[in-house]
Amino acid sequence: MALTVRISLLILLLCSANIRAEITGSGIESLGFMAGDWQAVRYFKDPRNNWIRADERSVTFHVTGNGKFITADIQQQDDQFQIIFSWDPYQDLYRAVVMDHSTGLLDVYTGKPRSGKLELSNGKETFNVADGKKVFNRYVISQIEAGFTIETYRFAVGDETDWTQITKTEFSAKQ
């Protein structure tokens, strides 16, 4: 009886650890949880800092290139872009290439896991310009119980003193 209870508790602990796994490993396989078909709900912040639901779409993330990349084509409202994630074993970091079909811009993001989340930022080579100021962007990817989230942040040189969150997209299993 005691052995059965211990085995049941061990199985329960292992399952719950997988449900809320943190992104701590290296290699594209640690982002494998993103692969599959998802319902993506995107939120924006209003001027009072409240989340406003913007839209909901179906999105599929594919593992391609013999398991070396994770890709997705995403259409949200008027925005259409393709995102490609990879792992750079030589520099020990993740990369994401984002092709914005609406603007024709191509951004390259790099980063590493921090506090169980993957943080990717564009750097001095790729940034946007708004009102004559450099604007840098960051994606923060978190695995959650129902799927994962991708949050976007921006930093406008001369305007902000810290990163400002501008969107949050929640990816959950298609119903």
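Reader: Is Lys174 buried, partly exposed or exposed?
Author: The classes rest on relative accessible area with a 1.4 Å probe and protein chains only: buried is under 20%, exposed is over 50%, and partly exposed is in between. Lys174 has a relative accessibility of 43%, so this residue counts as partly exposed.

Reader: What kind of model is this, and how are residues numbered?
Author: This is a predicted model, in which local features need pLDDT of at least 70, side-chain atom pairs count only at pLDDT 80 or more, and totals for chains, interfaces and linings use all residues. Side-chain values use heavy atoms, with hydrogens and water left out, and residues are numbered along each chain as its sequence is written, from 1.

Reader: What is the average pLDDT of the protein chain?
Author: pLDDT is the predictor's confidence in each residue, on a scale from 0 to 100. In the protein chain, 79% of the residues score at least 70, and the average is 81.

Reader: How many helices and strands does the protein chain have?
Author: Helices (H or I, at least four residues) and strands (E, at least two) are DSSP runs, numbered from the N terminus. Along the sequence the pattern is α-β-β-β-β-β-β-β-β-β-β-β. The count is one helix and 11 strands.

Reader: Which residue in β2 is the bridge partner of Arg42?
Author: Strands pair if DSSP finds at least two bridges between them. Strand β1 (residues 36–45) and strand β2 (residues 51–64) run antiparallel and are joined by 10 bridges. They form a hairpin with five residues between them, and Asn49 in the turn has a positive phi of about 75°. The partner of Arg42 in β2 is Asp55.

Reader: Which residues does Lys174 contact, leaving aside its neighbours within four places in sequence?
Author: Lys174 lies in the segment after β11 (164–173). The contacts of Lys174 are Asp37, Trp38, Gln39 and Ser58.

Reader: Is Ser142 buried or exposed?
Author: Ser142 is in strand β9 (residues 133–144). Leaving aside neighbours within four places in sequence, Ser142 is in contact with Lys117, Phe148, Thr149 and Glu151. The relative accessible area of Ser142 is 7%, so this residue is buried.

How values were computed:
Contact = heavy atoms within 4.5 Å.
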